[in-house]
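Work through the exercises below with the sequence and the model open. Each task is followed by a solution in steps.

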Amino acid sequence: MTPAAGVGFKAEHFEEALAAPAAGLWFEVHAENYMVDGGPRLAMLEAVRSERPLSLHGVGLSLAGAEPPDADHVTALKKLVDRFEPELVSEHLAWSRLDGRCFPDLLPVPRTNEVLRRLADNIGRVQDALGRQILIENPSHYLALRDHQWSETSFLAELARRSGCRLLIDVNNVAVGSHNIGYDAAEWLGAIPAGLVGEIHLAGHSLDDEGSLLIDSHDQPITNDVWALYDAFIARVGARPTLIERDGNLPPFAELLAERERAQAALDGSLALAA
Amino acid sequence: MEAWPLLLEFQQDFAAAIGEPAAGAMSVYRNTVLSGCVDALRANYQVVEQILGSEMFEAVAVEFAAQCPPRRPVLALYGSRFPDWLEGQSWFRELPYLSQVARIERLHVESLFAADVIPADMSALKDVEDWRAISLPLHSAARFAWLTTPALSIWFAHRETPVGELDFEWQAEGVLITRPHLIVQATRLCRAGHRFLTGIRLGESVGAAAIATASVYPDADIGSLFASLVNAGVFAATSHRS
């Protein structure tokens, strides 16, 4: 995919999304939402795919769990990858399955040697099954876990080295974690090796009910802080496919396109600098 | 030295912690897990939510999610046990039709996401001579059920905006749900139609199911019943030789 900005696809925006003239526009969907046998939802994705490049973003492989990824789930993902031929396939550094139960969330792990080995092994299994490289997204942090043996940025770099995956850097997750558990977001982004970055996510966040934690809620416009971090990040690592993620409090498609144009302008500026 | 079960122990402790009401960061995880389940049930049981009201539905959904958590990460299909579970609740006696409304919604969801299969059409069946030699498979998206309450009338009324008048006889009803192409259709199914389709589902030939249906419902027009079922998309296209 030529580095361009994309938008998370929502069925509510189907017609406008297909009609949008923006050059380079691409769409990302959560893979699990399309792991069904047939029907209008898959037909809609076919129509989107026939017009635009697609990225499949998984939320349910539970790669950071002690168990290997569920074989049926990997098979379902492969079926989608084979059918829709996405430009990018990504998953999370998180777990969501334990003892046959699924948690619809991205749950955290301590960055230990054991977890690193487990993750690299699980990512390897998925990449072997799909016959392609995947991208792994850095999580949002709400909780300062003890027992880390690695800093997050060196953990991610080592994970990519061992498994052959690349990284999906979610700048909003970095900002949310920086607020919640206290680290320097710019420093964090500055420590990510440029060559490992395959995609960037941008989204909005909101304050929790108790007023102390930022939640990676994807239900607000992207904040100025996140835009500033993004601009600095791509100025250093170069243009990368960048996604505007919006899942809740869905605005008119034009508003998402405007955020997308903002990201595209940054990417174009970065390309001009690199030329 | 590392202890190998560390990650597993961490996960088990974490899962136990978010299984109980929590504060601070743990409540963020707990709420995300619960709202993922509740939102999935809300999407799949919209009329049940209308009947119970949003607040009551959420309380019921949280309880269901605690007892029957998702077993697959595909939430579009979550909640297959919800209709049966509703029937087992102590307050259910006050809403005896509710689990059957839920069952209709579940059949609707199953039909919506079923495999895309070409439906049989009447023109392909016009030269059949011996119907007892014809077996027609049910279409992948076809669902039917017999309901002991007017759950279908209740469901239909709630699908109208604004909610339609609840003017019906308190009697049993049949429902037929089909999706010959991309649009799910729900219609009433008569007793004869239900007997006929039950026979087909059990492997009877078209002729055998028709004869058995006619013997129980002598007034039924089996020919037009069969044509209406075919036209609704109940059967999958096939070479139709058993």
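## Exercise 1: a buried asparagine

The model is predicted. Task: find the side chain that makes a polar contact of 2.7 Å with the side chain of N172(A), and describe the surroundings of N172(A).

Step 1. The partner is H205(A): a polar contact of 2.7 Å joins its side chain to that of N172(A).

Step 2. Locate N172(A) in the chain. N172(A) belongs to helix α6 of chain A, which covers residues 171–182.

Step 3. Check its accessibility. The relative accessible area of N172(A) is 0%, and buried means under 20%, so N172(A) is buried.

Step 4. List the contacts, leaving aside neighbours within four places in sequence. N172(A) is then in contact with H201(A), A203(A), G204(A), H205(A), D216(A), H218(A) and V226(A).

## Exercise 2: one helix of chain B

Task: decide how the buried residues of α10(B) are arranged about its axis, and name what covers them.

Step 1. Collect the buried residues. In helix α10 (residues 222–232) of chain B they are I222(B), L225(B), F226(B), L229(B), V230(B) and A232(B).

Step 2. Look down the axis. The buried residues of α10(B) fall within an arc of 165 degrees, so they line one face of the helix.

Step 3. Identify the cover. It includes the strands β2 (173–178) and β3 (185–189), together with α8 (191–201) and α9 (206–216), of chain B.

Step 4. Inspect the ends. At the start of α10(B), a side-chain oxygen of D221(B) comes within 3.3 Å of the backbone nitrogen of G223(B). After α10(B) comes G233(B), with a positive phi near 95 degrees.

Step 5. Follow G233(B) to a contact. G233(B) is touched by A142(B), which also touches I177(B), T178(B) and V234(B), not counting residues up to four places away in sequence. A142(B) lies in the loop between α6 and β1 of chain B and is buried, with a relative accessible area of 8%.

## Exercise 3: salt bridges

Task: the whole structure has 21 salt bridges over all chains. For three of them, state which parts of the chain are joined.

Step 1. Take E158(A) and R162(A), whose side chains meet in a salt bridge of 2.9 Å, N to O. The two are 4 residues apart in helix α5 (residues 152–163) of chain A, and therefore about one helical turn separates them. E158(A) is buried at 14% relative accessibility, while R162(A) is partly exposed at 41%.

Step 2. Take R262(A) and D231(A), which meet at 2.7 Å, N to O. R262(A) is in helix α9 (residues 253–274) and D231(A) in helix α8 (residues 224–237) of chain A, so this pair ties together parts 31 residues apart in sequence.

Step 3. Take D116(B) and R179(B), which meet at 2.6 Å, N to O. D116(B) is in the loop between α6 (98–112) and β1 (143–147) and R179(B) in the loop between β2 and β3 of chain B, so the pair ties together parts 63 residues apart in sequence. D116(B) is partly exposed at 43%, but R179(B) is buried at 1%.

## Exercise 4: cavities

Task: how many cavities of 30 Å³ or more does the structure hold, and which residues line the largest cavity?

Step 1. There are 2 such cavities.

Step 2. The largest cavity has about 60 Å³ of space.

Step 3. Its lining consists of L93(A), P108(A), V109(A), R111(A), P139(A), H141(A) and E152(A).

Key
Residues numbered from 1 in each chain as written. Chains lettered and ligands numbered in written order. Predicted model: local features only at pLDDT ≥ 70, side-chain atom pairs only at ≥ 80, totals over all residues. Heavy atoms only, no water. Buried < 20%, exposed > 50% of the residue type's maximum accessible area, 1.4 Å probe, protein only. Polar contact = N/O pair within 3.5 Å; in protein donor to acceptor, adjacent residues only side chain to side chain. Contact = heavy atoms within 4.5 Å. Arc of directions from axis to C-beta. Salt bridge = Lys/Arg side-chain N within 4 Å of Asp/Glu carboxyl O. 1 Å grid on protein atoms, 1.4 Å probe; cavity = no way out; pocket = protein on both sides within 12 Å on 5 of 7 lines; lining within 4 Å. Points joined across faces, edges and corners; volume = space filled by probe spheres on them.
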